Structure formats: structure tokens, C-alpha cells
Amino acid sequence: MSVPLRQQFDIGFYMLKQKVLGNKRYPLVLMLEPLFRCNLACSGCGKIDYPDEILNQRLSVDECLEAVDECGAPVVSIPGGEPLLHREMPEIVKGIIARKKYVYLCTNALLMEKKMHQYEPSPYFTWSVHLDGDKGDHDRSVCQDGVYEKAESAIKLAIAKGFRVNINATLFNNAVPERQAAFFDHMMEIGLNAITVSPGYAYERAPDQEHFLTRETSKKMFRDIFRLGKERVKQGKPKWRFSQSSLYLDFIAGNQTYECTPWGNPTRNVFGWQRPCYLLGEGFVKTFKELMETTQWEKYGTGKYEKCADCMVHCGYEPTAANDALAHPIKTLITALRGPKTEGAMAREIDLSTQRPAEYIFSKHVQDSLDKIHAEKLRNAVGRDAVEAAE
């Protein structure tokens with residue numbers, strides 16, 4: 001099964017508890033980003049375009065575990081940057097598992113075999129390997145040859161050692177449905193537990209701006225891929241296992257009209273708690289409570305903000321689908337049994353005519369952070385001088 005029953009039960013119980021308590025906004029997955037530094041420079045990434053002084057910053061073990069406790073979400077996803085570059089990552093993961101939270105450790109797998117002995121298989125732990133497609137597609141996506149082969153080797157080793165292993169596949173408009181379907185077939189054949197799939201978000205600072213998907217092209221592409229998946233099952237090939245709800249998959253195939261739920265996957269990184277979501281850094285606050293209570297959520301989302309116009313990414317819409325599933329269990333069951341609809345008219349699209357224009361404030365955040373770093377260095381230098389003078 002793509003998501004273990006134990007995990008499904010725990011998350012479902014958590015959601016029901018929030019409903020009973022009358023909480024309209026609550027987190028499902030904490031996006032814990034302990035560093036931005038990475039050992040790849042992918043053309044579609046907007047996460048590593050920072051000065052070295054910021055790339056060298058790390059969240060400490062205590063800061064990470066405080067964020068987990070403060071947020072309270074049942075699932076913690078650890079993206080980056082490349083988390084395996086963080087020397088204290090094993091201790092962070094152990095601390096989260098001790099709290100009985102489900103951990104997805106995201107990695108490009110370049111260091112996975114070397115570091116694997118630092119982790120133990122657990123019902124609460126999943127390796128989430130960034131793998132966008134077959135050898136040609138993935139190596140092109142990450143702008144480096146040989147990465148796919150290292151990733152597949154690490155996946156096979158982790159499976160053999162008893163770990164749960166998923167892949168996280170981000171697709172762009174140059175994805176070929178037939179190749180993607182063959183790739184998913186291969187992942188099932190080698191014993192992968194599940195696939196997380198999503199259209200790429202159009203990061204404003206990503207080097208490659210040519211290959212991001214519009215909502216229309218996303219829906220058409222995923223319909224083609226899911227149609228091929230159904231045909232393959234009829235041919236006797238394994239059914240693809242996804243780590244996502246059937247309603248989210250139906251959404252990216254154009255069959256649900258959803259608004260995003262940005263508070264469902266809040267982000268904590270070296271800047272603080274990020275407003276409004278993992279994909280947009282439009283302000284940072286010190287506490288999770290401040291994030292939830294002071295963010296102007298109504299200003300964001302498709303139809304409301306230009307930067308959100310084409311977004312269909314799972315970190316914004318999977319919580320929406322999960323809430324819909326809880327509210328409409330029969331629809332959810334029918335969709336799960338049928339699979340994403342790949343024929344017929346698509347659901348109504350959200351009107352973009354009144355969305356507010358994009359604001360570009362990245363440089364200010366970077367400069368504010370650099371000022372703090374420089375001020376801290378100055379205070380430390382003054383303190384050392386004072387100690388030396390006293391001696």
C-alpha cells in the first residue's frame with residue numbers, strides 16, 4: 001500500500017480532532033528546511049539562489065525540534081537544499097521520530113549510500129528521493145550526468161535494507177508522457193513504495209523559465225500520463241502507487257476545482273516561519289502562532305495573486321484534497337477505485353481577472369538576513385576583543 005494504514009489512521013484521527021475542536025486552519029505537514037545549501041544546481045530550482053553567507057546557515061537540532069513541537073503537524077517533510085549535507089540530520093530525524101511524527105527525508109541521493117548507516121528503518125521514516133524521470137530526463141533536469149544512476153542504486157540499497165522509499169517527481173512541459181509512464185513502471189518493478197508527483201512551480205529566480213507548466217498544460221499532461229497508467233494495468237503491468245490522495249491526483253488531471261490551503265504545509269527555515277507557503281517567501285515571522293494568526297491568507301492563491309496563477313503543486317493543494325476527502329468519503333472512494341478521470345470536460349477553472357499583481361521582495365529579505373549575520377559577527381568580534389583586553 002502506498003501510505004501505510006497506521007499512518008492513514010493517525011493523520012485521519014488528527015484531522016477529525018481538529019474538526020471537533022473547531023479549528024478551521026491547521027497544519028498537516030511541516031516543511032522543515034534546515035538549510036538551503038545543495039550539491040546540485042538544478043535549472044528549475046528557486047531555492048539555492050542565495051549568497052554564501054546565507055547558504056552556510058543551518059537550523060540547529062534544538063531549533064528543528066522546537067519547530068516540530070510548535071507546529072504539531074503529524075507529518076514532517078525535510079527538504080532543502082540537500083538535507084544530508086547537515087551534519088546533525090540523523091539526530092534531527094531521531095528526535096522527530098521519538099515524537100511519533102512521520103518523517104519524509106528528501107534527498108537527491110548523491111550522499112544517500114554514504115550516510116544510510118546513520119539511519120534505521122522505522123514505520124515513521126521514509127526516504128523521499130528526488131527523481132524526475134528516467135536517466136536522460138532526470139540528469140537533464142538536475143544539470144549533471146550520472147545522478148540518476150546514483151539515485152537508483154541508493155533506492156535499491158535502501159529497499160534491500162528494509163527502508164520505506166518514495167520518489168518525488170517534479171514534471172515540466174518537456175516531459176514526454178510515454179517516457180514518464182515507462183519510468184513509473186520501472187520504479188514499481190524495483191520495489192519502490194510510492195511516487196509523489198507534481199507540476200513544477202514557476203520560481204521567479206529559477207535559471208530555466210522556459211519549461212514551467214501552465215495550469216492548462218499541467219492538466220492535459222497528467223491526463224495523458226494517467227491514461228497510459230490505466231492502459232498498462234490492463235496489459236498486466238503493476239499499478240502505480242502514489243503517496244498522494246486520489247482527489248489530488250484527480251485535481252491535477254483537471255477534474256476538481258480547488259483553492260489552495262497554504263497553511264496546510266507551513267514552512268520553517270533559516271529565515272524563520274515563511275509567509276505564506278513553501279513556494280513563496282513573502283515575509284518571515286518568529287513563531288508558528290504568529291504565522292497562523294497574522295498572515296493575510298486571503299491575499300494568496302490562484303485567482304488572488306499573480307505568482308499563484310499556474311500553481312497546482314501538492315504542498316498547496318494536497319491539504320485541500322485531504323479536507324475534501326474527509327468531508328466527502330463516498331466521492332473519495334469512487335475516485336480511488338476509478339482513478340483520475342482522463343476523458344471528458346474538465347472542471348471549472350478559477351478566474352484570474354481580479355488577481356493582484358506580483359510583488360518582488362526577495363532582495364529585501366536577503367539583505368535583511370545579511371544585515372543580521374553581519375551584526376552578529378560584529379557583536380562576536382567585539383566580545384572577543386573585550387575578553388582579550390581584559391586578559
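**A pocket, and what else turns up**

Reply: The lining of the second largest pocket splits into 7 nonpolar, 4 polar and 9 charged residues (nonpolar is Ala, Val, Leu, Ile, Met, Phe, Trp, Tyr, Cys and Pro; charged is Asp, Glu, Lys and Arg; polar is the others, Gly among them). Bear in mind that this is a predicted model, where local features need pLDDT of at least 70 and side-chain atom pairs count only at pLDDT 80 or more, while totals for chains, interfaces and linings use all residues. Numbering runs from 1 along each chain as its sequence is written, and side-chain values use heavy atoms, without hydrogens or water.

The pocket's volume is about 640 Å³ (the space filled by probe spheres on grid points joined across faces, edges and corners). A pocket here is an open set of points on a 1 Å grid over the protein atoms alone, with protein on both sides within 12 Å along at least five of seven lines; a cavity is a set where a 1.4 Å probe fits but cannot get out, and lining residues have an atom within 4 Å of a point. In total, 20 residues line this pocket, and Val270, Phe271, Gly272, Ser369 and Lys372 are the ones nearest its centre. Two elements, β9 (281–285) and α14 (362–390), each give two or more residues to the lining (helices are DSSP runs of H or I, at least four residues, and strands are E, at least two, numbered from the N terminus). The largest share comes from α14, with 8 residues.

Strand β8 (residues 272–276) holds Pro276, and the peptide bond from Arg275 to Pro276 is cis, with omega near -15°. Another cis bond joins Gly80 and Gly81, with omega about 10°; Gly81 sits in the loop between β2 (75–78) and α4 (89–98).

Searching the whole structure turns up 3 cavities of 30 Å³ or more. The second largest cavity is about 150 Å³ in volume. Its lining has 15 residues, with Cys260, Cys277, Leu279, Cys308 and Cys311 nearest the centre. Helix α12 (residues 314–327) gives the most, 3 residues. By class, the cavity is lined by 12 nonpolar and 3 polar residues, with no charged ones.

On to the packing. Helix α3 (residues 61–71) meets α4 at an angle of about 25°, their axes 10 Å apart (axes are lines fitted to C-alpha atoms over the stretch in contact; angles run from 0 to 180 degrees between N-to-C directions). So α3 is roughly parallel to α4 (under 35 degrees; over 145 is roughly antiparallel, 65 to 115 roughly perpendicular, the rest oblique). Val61, Cys64, Leu65 and Val68 of α3 touch Glu91, Ile92, Gly95 and Ile96 of α4 (contact means heavy atoms within 4.5 Å). That contact has 6 nonpolar residues, 1 polar and 1 charged.

Helix α8 (residues 177–189) and helix α9 (residues 215–234) pack at about 50°, with axes 9 Å apart, which means α8 is oblique to α9. From α8 the contact takes Pro177, Glu178, Gln180, Ala181, Ala182, Phe184 and Asp185, and from α9 Asp224, Ile225, Leu228 and Arg232. Here the classes come out as 6 nonpolar, 1 polar and 4 charged residues.
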